Amino acid sequence: MRLSRSLATGAAALALLATLSGCGSDSESGSGAGTGADSVFGSDADSDGGSDGGSDGGSGQATTGGLPRASDTESVASYLNRYTPCQGVVTGDEYDSGHDGDAWGTDESEDPAWGIEERAVCTDGSDRPIALLTVSDMKEFQTAAKASGDEFLVGEDFAVVPVGDEAIRGLQQSDLRFLTCDADLAVPSGFEKEPALVDGCVLTNYVPE
């Protein structure tokens with residue numbers, strides 16, 4: 001599945017909150033934010049987050065750079081639940097056994113090039129999947145996203161791929177950032193846009209239609 005392109009389609013130009021103070025710690029840890037799955041978000045397009053600067057706990061708290069962190073997929077789900085339902089968290093393999101290809105990352109999570117540490121899946125209020133990915137090396141992850149054309153919503157050390165439109169709209173209000181390597185993306189004035197960890201990719205609180 002391609003997260004970002006689908007997500008963008010379902011998002012209908014709604015924006016992530018522009019009140020965050022910074023788009024992420026791109027500089028040091030190699031785990032800056034990013035979202036990237038070419039149409040991963042909403043590939044079926046019908047379908048106070050982290051304001052405690054300086055905290056780096058594993059429950060979706062924001063770092064001084066503004067992007068939330070999470071120590072595991074349960075923590076990712078806990079963070080998402082502030083903005084959209086993320087229910088019934090199961091491992092990626094468990095979800096895939098009954099939902100072939102519905103959630104992003106079945107193959108990618110097995111490929112070391114993506115730097116994905118753990119993959120799980122929850123469902124939103126419309127029973128649509130949200131892939132939850134903890135990432136050991138965000139630069140590797142963004143490099144793979146650029147090569148694949150995928151786009152994601154990302155925190156400092158995790159990424160998510162919602163499918164349902166309601167989930168996408170809800171998460172646009174979080175501290176996550178939209179990772180895209182689309183050179184043609186035009187970000188309207190009033191929205192934030194910063195270079196990602198990989199040349200040619202950006203992080204923004206704007207999600208295109």
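Analyst: Asp127 sits in the loop between β4 (116–123) and β5 (129–135), where helices (H or I, at least four residues) and strands (E, at least two) are DSSP runs numbered from the N terminus. This is a predicted model, in which local features need pLDDT of at least 70 and side-chain atom pairs count only at pLDDT 80 or more, while totals for chains, interfaces and linings use all residues. Residues are numbered from 1 along each chain as its sequence is written, and side-chain values use heavy atoms, with hydrogens and water left out.

Back to Asp127: its phi is near 65°, a positive value in a residue other than glycine. For context, most residues other than glycine have a negative phi. Asp127 is also exposed, with a relative accessible area of 55%; here exposed means over 50%, buried under 20% and partly exposed in between, using a 1.4 Å probe and protein chains only.

Ala167 is buried, with 0% relative accessible area. Contact here means heavy atoms within 4.5 Å. Leaving aside neighbours within four places in sequence, Ala167 is in contact with Thr84, Asp124, Ile130 and Pro162.

Cys86 and Cys122 form one, with their sulfur atoms 2.0 Å apart, and at -105° about the S-S bond the link is left-handed. Cys86 lies in the loop between α2 and β3 (87–91) and Cys122 in strand β4, so this pair ties together parts that are 36 residues apart in sequence. Cys86 counts as buried at 4% relative accessibility, and Cys122 is buried as well, at 0%.

The other link joins Cys181 to Cys201, with an S to S distance of 1.9 Å; its 95° about the S-S bond makes it right-handed. Cys181 is in the loop between β8 (177–180) and β9 (193–195), and Cys201 is in the loop between β9 and β10 (202–204), 20 residues apart. Cys181 counts as partly exposed at 22% relative accessibility, whereas Cys201 is buried at 2%. With the bonded cysteines numbered in sequence order, the pairing reads 1-2, 3-4.

Now for helix α2 (residues 73–80), which is mostly covered, with 6 of its 8 residues buried. The buried residues are Thr73, Ser75, Val76, Ala77, Tyr79 and Leu80. At the start of α2, a side-chain oxygen of Asp72 reaches to within 3.3 Å of the backbone nitrogen of Glu74. Thr73 has a relative accessible area of 3%. Not counting residues up to four places away in sequence, Thr73 touches Glu118, Arg119, Ala120, Leu132 and Thr134.

Rings of Phe, Tyr and Trp (its six-membered ring) pair if their centres lie within 6.5 Å, and planes under 30 degrees apart count as stacked, over 60 as edge-to-face and the rest as tilted. The structure holds 8 aromatic pairs. Among them, Trp114 and Phe152 are edge-to-face, 5.9 Å centre to centre with 70° between the planes. Trp114 lies in the loop between α3 (92–96) and β4 and Phe152 in strand β6 (residues 152–154), so the pair ties together parts that are 38 residues apart in sequence. Trp114 is buried at 6% relative accessible area, and Phe152 is buried at 0%. Trp104, Trp114, Phe141 and Phe152 form one aromatic cluster.

Finally, the nonpolar cores: each is a set of buried Ala, Val, Leu, Ile, Met, Phe, Trp, Tyr and Cys residues joined through side-chain atoms within 4.5 Å. The largest has 20 residues, of which Trp104, Trp114, Leu133, Phe141, Phe152, Val154 and Leu179 touch the most other members. β5, α4 (138–148), β6 and β7 (158–162) each supply at least two residues of this core, and α4 gives the largest share, 4 residues. A second, separate core of 19 residues includes Cys86, Phe158, Ala167 and Val207.

Conventions:
A polar contact is a pair of N or O atoms within 3.5 Å; within protein, one must be able to donate a hydrogen and the other to accept it, and residues adjacent in sequence count only if both atoms are side-chain atoms. A disulfide is a pair of cysteine sulfur atoms within 2.5 Å.
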